[in-house]
Every structure is written in structure tokens, then in C-alpha cells.
Amino acid sequence: MSGLEPTVLWRLYHAEGRHARAVLLPGVPQITLTFFVDNVMDRAENFDSMDVALFRSEDVKRTLLSDGWREDA
């Protein structure tokens, strides 16, 4: 991650053919974390800290993996 460029943090897929990804949008004063499912924005959340945004991203990823999603290579 560098500067203020959007960054894809992870991509997942589901056996049913669905795809999900988390995208970090660094900004001032807040960092925005967005989640897309099948190329449609599912939600966007704002954070005051990069560490908290990254933690939230990993939390959502763990939840999806436990629900049968898999890492996209």
C-alpha cells in the first residue's frame, strides 16, 4: 500500500460462483474500507486508524472463510 491509491486487500470466491473483495481507500481524515460482492458494493465503513480498518477487513474475511468462501488465487 502506498499513498492515497485504492488497494485490494483480499479476494474470495464461493463454490456457487460468487466473488467478494475488500478495497481500502486511504484518505484524510478517514480511511474507507469497502466490500464488494459480485462487483456490487455491499458496504463501506470509515475508520480513523489504518490499523482498525485492516483489523476489520481481516475480521470480515475470517467470517466469510468460515461460511465456505475460499481465497482467490
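**Entry 1: S57**

I began with the surroundings of S57. Setting aside neighbours within four places in sequence, I found S57 in contact with L9, W10, A22, L33 and F35. This is a predicted model, so every entry here reads a prediction. S57 belongs to helix 1. Is S57 buried or exposed? Its relative accessible area is 1%, and the cut-off for buried is under 20%, so S57 counts as buried.

Next I went along helix 1, residues 50–66. I checked its length first. Its 17 residues, at 1.5 Å a residue, should span 24 Å. The C-alpha atoms at its ends lie 24 Å apart, which agrees.

Which residues of helix 1 are buried? I noted A53, S57, V60, K61 and L64. These residues cover an arc of only 100° around the axis, which puts them on the same side of helix 1. In general, an α-helix has 3.6 residues a turn, so residues three or four places apart point the same way. I then turned to the other side of helix 1, where D51, F55 and S66 are exposed.

What covers the buried residues of helix 1? The cover includes strand 1, strand 2, strand 3, strand 4 and strand 5.

I looked at one pair in detail. Strand 3 and strand 4 run antiparallel and are joined by seven bridges. I picked out T32, whose bridge partner in strand 4 is N46.

**Entry 2: the nonpolar core**

I then looked up the largest nonpolar core, which has 13 residues. Which residues have the most contacts inside this core? They are W10, L33, F35 and L64. Strand 1 (7–13), strand 2, strand 3 and helix 1 each supply at least two residues of the core. Nonpolar side chains tend to be buried together in soluble globular proteins.

Leaving aside neighbours within four places in sequence, L64 is in contact with W10, L12, A20 and W69. W10 is also on the contact list of S57.

**Entry 3: backbone in the loops**

Last, I checked the backbone. Most residues other than glycine have a negative phi, and most peptide bonds are trans. I went looking for departures from this.

Where is there a cis peptide bond? It joins V28 and P29, with omega about 5°. P29 sits in the loop between strand 2 (19–25) and strand 3 (31–37).

The loop between strand 3 and strand 4 (40–47) holds D38. Phi of D38 is positive, near 55°, in a residue other than glycine. D38 has 35% relative accessibility, so I logged D38 as partly exposed.

N39 is found in the loop between strand 3 and strand 4. Its phi is positive too, near 65°, and N39 is not glycine. Is N39 buried or exposed? Its relative accessible area is 62% and the cut-off for exposed is over 50%, so N39 counts as exposed.

Definitions and conventions:
Residues numbered from 1 in each chain as written. Predicted model: local features only at pLDDT ≥ 70, side-chain atom pairs only at ≥ 80, totals over all residues. Heavy atoms only, no water. Helix = DSSP H or I, 4+ residues; strand = E, 2+ residues; numbered from the N terminus. Buried < 20%, exposed > 50% of the residue type's maximum accessible area, 1.4 Å probe, protein only. Core = buried A, V, L, I, M, F, W, Y, C linked by side-chain atoms within 4.5 Å. Contact = heavy atoms within 4.5 Å. Pairing = 2+ DSSP bridges. Expected span 1.5 Å × (residues − 1). Arc of directions from axis to C-beta.
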